[in-house]
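Subject: Handover of a structure and findings

Dear colleague,

I am passing the structure below to you for your records. The findings follow it, grouped by region.

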Amino acid sequence: MKKFFLSAMLSFLFSSGFSQDAMVLSPDKYLKLNITVQSGTPMYSVIYKGKTILENSPLGLKTNEGDFSANMKYLGKSEASISKDYVQDKIKRSEVKYRANKLTCVLENTQKKQISVVFQVSNNDIAFRYELPEWGERRSCVIEKETTGFRFPSYTTTFLSPMMRPMTGFARTAPSYESGYIADAPMVKNNPQSGGYVFPGLFRIGNNGWVLLSETGVSSQYCGSHLGECSKDGIYSIEYPDVRQNNGFGSTGAAIALPGATPWRTITVGDNLKPIVETTIPFDVVDPLYEPSQKYRYGKSTWSWIVWQDNSMNYEDQVKFIDLAASLKYEYILIDALWDTNIGKERMKDLISYAKSKGVDVFLWYNSNGPFNDAPQGPRNKMNTSIERKKEMNWLQEAGVKGLKVDFFGGDKQENMRLYEDILSDANDYGLMIVFHGTTLPRGWERMYPNFVGSEAVVASEMLVFVQAVRESEAYNATLHPFIRNTVGSMEFGGTLLNKFLVKSNEGRNKRLTTDAFQLATAVLFQNPVQMFGLTPNNLTDVPPFEIEFMKQVPTTWDETVYIDGYPGKYCVLARRNGDNWYVAGVNAEKNPLKLKVQLPMLAGRKVRMIGDSQNKDPYLKEVEIKKNGLLEVEMQSGGGMVLAPIK
């Protein structure tokens, strides 16, 4: 009788909309995640320091083996603690201690098939994913859709970048994550024109705090995702790639083997911007997928194309930029598109030998292209198939090339993710580093792939050359990147342009609208382990010598990153440490000069070099002593900046 009563009661509870709950706290107990099943719908909510950050938001999947988004039962939970220490030499922090509380909730659908939702909650971060077991004889499935959503309070404002429409842009290469962010916009609900928004997305929850949404751990085993439009209920959903990507070819969901798991969805939360800037969650929950074939060397590079453009793709001009790299003591030169026809492989070997004689190694540009867009630049059809790729990489290794810049991808389908991984894996076998351009967001790849050294996925320096509106918004965009795009992954911007005009003649057109101090600041502000800087040979004599000395000195890898001050879209001040040396960089996008009192405890009582702008925006160098309490007063001009660097 008792068993019958208990069974009847459980049946009643599950069928009557009864809520089953679970909860997990961060180690410091400030961040709280609630999980509930309401009327069969799995939901979660987030509270930080007692304030609502995310209201009840849906969880779930739809697969070809069953629906796991509705009519679900909560079967139980398990809890654990996560303690993980790791070293990563090419992100914003070299030594990371990750501590989190783990909650696994087991759910069952009407077909008696189970899935788990796994949450890991650290002091300012939530990472969660779905784990799918084998279902009887089923050892594979297709995940067609996620019903995961993020419901923000109505007073939330957004910092989002719209997803580019497939098969648009140059040679039908979009989407390539090169649309700008709009700062502090209201949530626009049920916008029929929206194609959704790229990861990451930043949200301000009124006075309650900040949230950064992204994903990590995307490999060849899944597709990339993005945020859908805001629904009439105020929910931003997880969306899979548009079917029109890749010229309409390929899947939009993900085929996985069972047992299997989705990538991690990440939520970074803070009552100020410090946790947003300093988070390492994209790397905390992933691990290397293979061992490096060698120790890869990071550093700085020259490249002619950004200012001298296609006409510089010849042997003689590349010699000039090799000599420039040697003068600057840079490790690399990037030789960009069209080298295959304008220089050729035989002369390229001679050019590589010349570079080596100068102590400079070489990156070469490649088109990723196979059948999915119309980009004409060569070399083409060398990276998209295994046979051609390995033949080419064998030649590259024999010729002494150290890395590749692979361009023009345009999509997030699982087919694209396989191509990214195949290029990286094969390149590691041949000792080659990889930079991706015209590309998607890197999602934990710095840790997952040892030879990955950065992606563009931003409105980068080439658009400064091509578009007046981008030059006009350069300072505005620069104040966004440390809080959004660059905080979740390395960003190969290709900047620090010291020509007054962004043309070879350095006169007449494409006038740069930011100051020299601003440009120097971005060398610190933007993080990427291999930096392709836009300096040109004339800069050795036409800018003040202290600017060149700074560009010789500035590192590209960092042991620590600290948020100092800022507001996305207005201004930003960051500090980064390399070894014992601290660098501080700031930029100002406001219309008026900005005076700040910044706290720099890491430099308290020290003397440092300061580069800034005078009132007429001419660069200056002076020595300053930080007060013993760490306080420093700085002034940055509109479109200007400042850097603090060690006295050498």
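Two strands are said to pair when DSSP finds at least two bridges between them. Please bear in mind that this is a predicted model.

The antiparallel sheet

With pairing in that sense, 6 strands make up an open, antiparallel sheet, and their order is S29-S30-S31-S36-S33-S34. Strand S29 (560-567) and strand S34 (619-625) are at the edges and have a single partner strand each, so one side of each is left without a neighbour in the sheet. On average, neighbouring strands here are turned by 15 degrees against each other, direction ignored. Strand S33 (residues 607-613) and S34 run antiparallel and are joined by 7 bridges. Opposite lysine 607 stands glutamate 625, which belongs to S34.

Two helices lie across strands of this region. Helix H15 (residues 516-525) lies across strand S30 (571-578), strand S31 (581-588), S33, S34 and strand S36 (641-645), and its direction is at about 130 degrees to S31. Helix H17 (residues 545-553) lies across S31, S33, S34 and S36, at about 65 degrees to S34.

The parallel sheet

A further open sheet has 7 strands with parallel pairing, in the order S27-S26-S25-S24-S23-S22-S28. Its edge strands, strand S27 (452-455) and strand S28 (530-533), each pair on one side only. Phenylalanine 363 has glycine 403 in S25 as its bridge partner. Helix H9 packs on this sheet, where it touches S25, strand S26 (433-436) and S27, and its direction makes about 155 degrees with that of S26.

The helix pair H8 and H9

H9 (residues 414-429) also packs with helix H8 (residues 386-399), at an angle of about 35 degrees and with the axes 10 Å apart. The crossing in which H8 passes H9 is right-handed. On the H8 side, the contact is made by Arg389, Lys390, Met393 and Gln397, and on the H9 side by Leu419, Asp422, Ile423, Asp426, Ala427 and Asp429. Sorted by class, this contact has 4 nonpolar, 1 polar and 5 charged residues.

The nonpolar cores

In soluble globular proteins, nonpolar side chains tend to be buried together. The largest nonpolar core of this model has 201 residues, and those with the most contacts inside it are Leu364, Leu404, Phe550 and Leu644. Setting aside neighbours within four places in sequence, phenylalanine 550 is in contact with Leu520, Ala523, Val524, Tyr583, Ile611, Val643 and Ala645. Another core, of 5 residues, lies apart from the largest one and includes Ala171, Ala337, Trp365 and Ala375.

Strand S18 and its partners

Strand S18 (residues 235-239) is mostly covered, with 4 of its 5 residues buried. Strand S12 (residues 149-151) pairs with S18 in the antiparallel sense over 3 bridges, and arginine 151 has isoleucine 235 of S18 as its bridge partner. Strand S17 (residues 226-230) likewise runs antiparallel to S18 and is joined to S18 by 3 bridges. Histidine 226 stands opposite glutamate 239 in S18. The hairpin of S17 and S18 has 4 residues between the strands, and glycine 234 takes a positive phi near 80 degrees there.

With kind regards

Conventions
Residues are numbered from 1 along each chain as its sequence is written. This is a predicted model: local features need pLDDT of at least 70, side-chain atom pairs count only at pLDDT 80 or more; totals for chains, interfaces and linings use all residues. Side-chain values use heavy atoms; hydrogens and water are left out. Axes are lines fitted to C-alpha atoms, for helices over the stretch in contact, and angles run from 0 to 180 degrees between N-to-C directions. A crossing is left-handed if the near helix is turned anticlockwise from the far one by less than a right angle, and right-handed if clockwise. Contact means heavy atoms within 4.5 Å. Ala, Val, Leu, Ile, Met, Phe, Trp, Tyr, Cys and Pro count as nonpolar, Asp, Glu, Lys and Arg as charged, and the others, Gly among them, as polar. A nonpolar core is a set of buried Ala, Val, Leu, Ile, Met, Phe, Trp, Tyr and Cys residues joined through side-chain atoms within 4.5 Å. Buried means under 20% relative accessible area, exposed over 50%, partly exposed in between (1.4 Å probe, protein chains only).
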